[in-house]
Amino acid sequence: NVANFVWALAKMGVKTPDAGLLEAMQARATATAGAFRPQNIANFFWALAKMGIKPPASSALLEAMQRQATATAGAFDPQNVANFFTALEKMGVTPEAGLAAAMQKQAVARAGEFQPQNVANFFTALAKMGVKPEASLLAAMQRRAVATAGEFIPMNVAFFLSSLAEMDVTPDADLLAAMQERARVSAPDFKAWQLEMLWDALEKLNVTPDAGLVAALPARATASVFRTSAPHDEAVL
């Protein structure tokens, strides 16, 4: 199976596969795209992104795979959705309008199955690709994030809020309360860059951090994150 073979190469840490092999695998994937299932598509593109391979935007491979992904969108599970779009973003690919719409529709349909990492990764990919979420998706993912807030790790909190800020989306009050409470509880586990990303996001969203969150932040955050006059750099993925 083409997808499994390329995925295995990426998992083994292969960074520069033989050019002839890579060309052959991409050609075979293009020719058999109609047989690719959602898991195959997600794994194949994850592997290409992991190895730093970026097919030309107008390539037959991208056209065929986006067409197949759109046709089979109803069978994508949350991890497939998040992994596929994360891979596309890493490869510098903006999804076709039909694909973006189909994946958002599927995400809404299966929102109740999204794990915190799926939510954060999917929205981060959308934000980086410049795809603004449809109202139904935004509502569904915010509800899911509130429901699973207790399972969000610091990185999930930082990336999800950062993605909303980047898309210029005003979060619901319930979501902000849930994410800040989760950040408060897990404050000692935040790394410096995650704290900075969180603060940047809240600042861009024009949100004043809750007193409880400020009090719970590690002492190291005071100087490195809470800067009111000096400019600060964007967090880097």
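This is a predicted model: local features need pLDDT of at least 70, side-chain atom pairs count only at pLDDT 80 or more; totals for chains, interfaces and linings use all residues.

D168 belongs to the loop that links α9 (154-166) with α10 (173-185). Its phi is positive, near 60 degrees, although the residue is not a glycine. Most residues other than glycine have a negative phi.

N206 lies in the loop between α11 and α12 (211-216). Its phi is likewise positive and near 60 degrees, again in a residue other than glycine. With a relative accessible area of 71%, N206 is exposed, since the cut-off for that class is over 50%.

## Helix α5 and its ends

Helix α5 covers residues 78-90.

The buried residues of α5 are P78, N80, V81, A82, F84, F85, A87, L88 and E89. These residues pack against four helices, namely α3 (38-50), α4 (60-71), α6 (97-109) and α7 (116-129).

## The packing of α3 on α5

Two packed helices are described by the angle between their axes and the distance between the axes. For α3 and α5, the axes come within 8 Å and cross at roughly 30 degrees. The crossing is left-handed. On the α3 side, the contact is made by P38, Q39, I41, A42, F45, W46 and A49. On the α5 side, the contributing residues are N80, N83, F84, A87, L88 and K90.

K50 is also located in helix α3. Its relative accessible area is 46%, so it is classed as partly exposed, between the cut-offs of 20% and 50%. Beyond its neighbours within four places in sequence, K50 is in contact with A10 and K15. K50 and G13 are 37 residues apart in sequence, yet their C-alpha atoms are 8.6 Å apart in space.

## The largest nonpolar core

In soluble globular proteins, nonpolar side chains tend to be buried together. Here the largest nonpolar core holds 82 residues, of which F44, F45, F84, F85, F122 and F160 touch the most other members. Helix α7 supplies the largest share of this core, 8 residues.

What does F44 touch, not counting residues up to four places away in sequence? Its partners are V2, A3, V6, A29, F36, L61 and M65.

Q104 is placed in helix α6. Its relative accessible area is 3%, so it falls among the buried residues, for which the value must be under 20%. A polar atom of the Q104 side chain lies 2.8 Å from the backbone nitrogen of E134. Apart from residues up to four places away in sequence, Q104 touches V131, K132, P133, E134 and L137.

Helix α6 packs against helix α8 (residues 135-147) at an angle of about 35 degrees, and their axes are 9 Å apart. The crossing of α6 and α8 is left-handed. Q104, A107 and V108 of α6 meet S136, L137, A140 and M141 of α8.

## Helix α11 and Q194

Helix α11 has 13 residues, and the distance from its first C-alpha to its last is 18 Å, close to the 18 Å expected at 1.5 Å a residue. Its buried residues are Q194, L195, E196, M197, L198, W199, D200, A201 and L202. After the helix comes N206, the residue with positive phi described above.

Q194 lies within α11, which covers residues 192-204. It is buried, with a relative accessible area of 5%. A polar atom of the Q194 side chain is 2.9 Å from the backbone nitrogen of K191. Leaving aside its neighbours within four places in sequence, Q194 is in contact with P154, M155, A158 and D189.

Terms used. Residues are numbered from 1 along each chain as its sequence is written. Side-chain values use heavy atoms; hydrogens and water are left out. Helices (H or I, at least four residues) and strands (E, at least two) are DSSP runs, numbered from the N terminus. The expected span of a helix is 1.5 Å times one less than its number of residues. Buried means under 20% relative accessible area, exposed over 50%, partly exposed in between (1.4 Å probe, protein chains only). Contact means heavy atoms within 4.5 Å. A nonpolar core is a set of buried Ala, Val, Leu, Ile, Met, Phe, Trp, Tyr and Cys residues joined through side-chain atoms within 4.5 Å. Axes are lines fitted to C-alpha atoms, for helices over the stretch in contact, and angles run from 0 to 180 degrees between N-to-C directions. A crossing is left-handed if the near helix is turned anticlockwise from the far one by less than a right angle, and right-handed if clockwise. A polar contact is a pair of N or O atoms within 3.5 Å; within protein, one must be able to donate a hydrogen and the other to accept it, and residues adjacent in sequence count only if both atoms are side-chain atoms.
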